[in-house]
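Hi,

Here is the structure I promised to pass on to you. Have a look at it first, and then read my notes below.

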Amino acid sequence: MNYFRKSIHEMSGYVPGEQPPLGIKIIKLNSNENPYPPSPKALKALQEIDGEMLRRYPDPTGKSFRMAASKVLGFPDDWIIAGNGSDDLLNLIVRAAGEAGKQIVCPAPTYVLYRTLAEIQDAKFVEVPYPDDYQLPVDLLIAAQGAVTFVASPNSPSGTAISVADLEKLAEELSGILVIDEAYVDFAENNALELTKKYSNVIVLRTLSKGYSLAGLRLGFAVANPALLAELNKVKDSYNVDALAYLVATSAIADQNYKTANAEKIKASLAKLAVSFKELGFDVWPSQTNFLLVRPPNGDAERIYQTLKVRGILIRYFNQPRLEDKLRITVGTEAQNQILVKTLKEIV
Ligand SMILES: *Cc1c(COP(=O)(O)O)cnc(C)c1O
């Protein structure tokens, strides 16, 4: 029995990383969450909410949040649109631009949700393989001419950053939309925000889930020219972000000192962790994120994933071509990382 569209019936659906309930004693390094708490200013804002704020509908466009983001980014607030996580904005873009007969393109392996969204929309999904060094296959992406091209920079699950020059070439040569997904920008050396000013087809996506330790809040935003955002605004739910999320996010994004110090701690831990993995004989890809892609000696990634899980450490294993011999490991606190390395020494 099938009540739904053929493409929905036949697709497999996105499978998120395992999310065990709070309170279960586990070292959770599988979803690239930030191991440190959110800004104390954001938590204080949450404690001070009043009922009137919840009785009323939220601001449909989150003006206060966009003003706070505008101040941080140096972009006018009408160049910013907020979403229920950046996943919501990815969804809006594909719903607005994707349909049967059109192509959604991305280099791969990358964030799997891009495929799911294309399939929901009946658009043709085209993956251009990354070479092993994860340099962007610019010419092949240009040749594919997607209605939408997604590039995560830095990329997941590789952790590798893409040069702004390569992204600019892509922006220049694509006739469709170029979405630059900067979910990990807070740990990266560069960003491509300026390209939105020069190219009317570029959208840069940001999130508070990683750098701001607010994955549970669900707040992402996009930066692009107002003409482009006007089309996305037609497609979004009127109240796509709730009042609590706007309140907490506004305080969090204003607290840049906290975010920067937090990111510096993680970058230092990542560098140490990379050294430890190399000492254990793993291949390690250069990462500008809060996670590492590694290949264990002999490539027995699945066994290591399973063994760590039994020992209470959750990491990410992707059972798919090119990744089945690798592991993606989120940087934890110093204490968590030490337990991880100690446990690995015992089982590798
Ligand atoms: C985490 C992540 C997202 C999702 O961010 P949310 O704001 O939590 O929806 C988007 N893109 C990439 C590449 C990510 O890793």
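By class, which residues make up the lining of the largest cavity? There are three nonpolar, four polar and two charged residues, where Ala, Val, Leu, Ile, Met, Phe, Trp, Tyr, Cys and Pro count as nonpolar, Asp, Glu, Lys and Arg as charged, and the others, Gly among them, as polar.

Before going further, please note that this is a predicted model, in which local features need pLDDT of at least 70, side-chain atom pairs count only at pLDDT 80 or more, and totals for chains, interfaces and linings use all residues. Residues are numbered from 1 along each chain as its sequence is written, and side-chain values use heavy atoms, with hydrogens and water left out.

Now back to the cavity. A cavity is a set of points on a 1 Å grid over the protein atoms alone where a 1.4 Å probe fits but cannot get out, and its lining residues have an atom within 4 Å of a point. Grid points are joined across faces, edges and corners, and a volume is the space filled by probe spheres set on the points. The count comes to one cavity of 30 Å³ or more, and the largest cavity holds about 40 Å³ of space. Its lining includes Ser39, Tyr212, Asp255 and Lys259. Domain 1 (6-37 + 257-347) and domain 2 (40-255) both contribute lining residues, so the largest cavity lies between them; the domain bounds come from an automatic or database domain assignment.

Elsewhere, methionine 11 is buried, with a relative accessible area of 15% (buried means under 20%, with a 1.4 Å probe and protein chains only).

Happy exploring!

How values were computed: 1 Å grid on protein atoms, 1.4 Å probe; cavity = no way out; pocket = protein on both sides within 12 Å on 5 of 7 lines; lining within 4 Å. Buried < 20%, exposed > 50% of the residue type's maximum accessible area, 1.4 Å probe, protein only.
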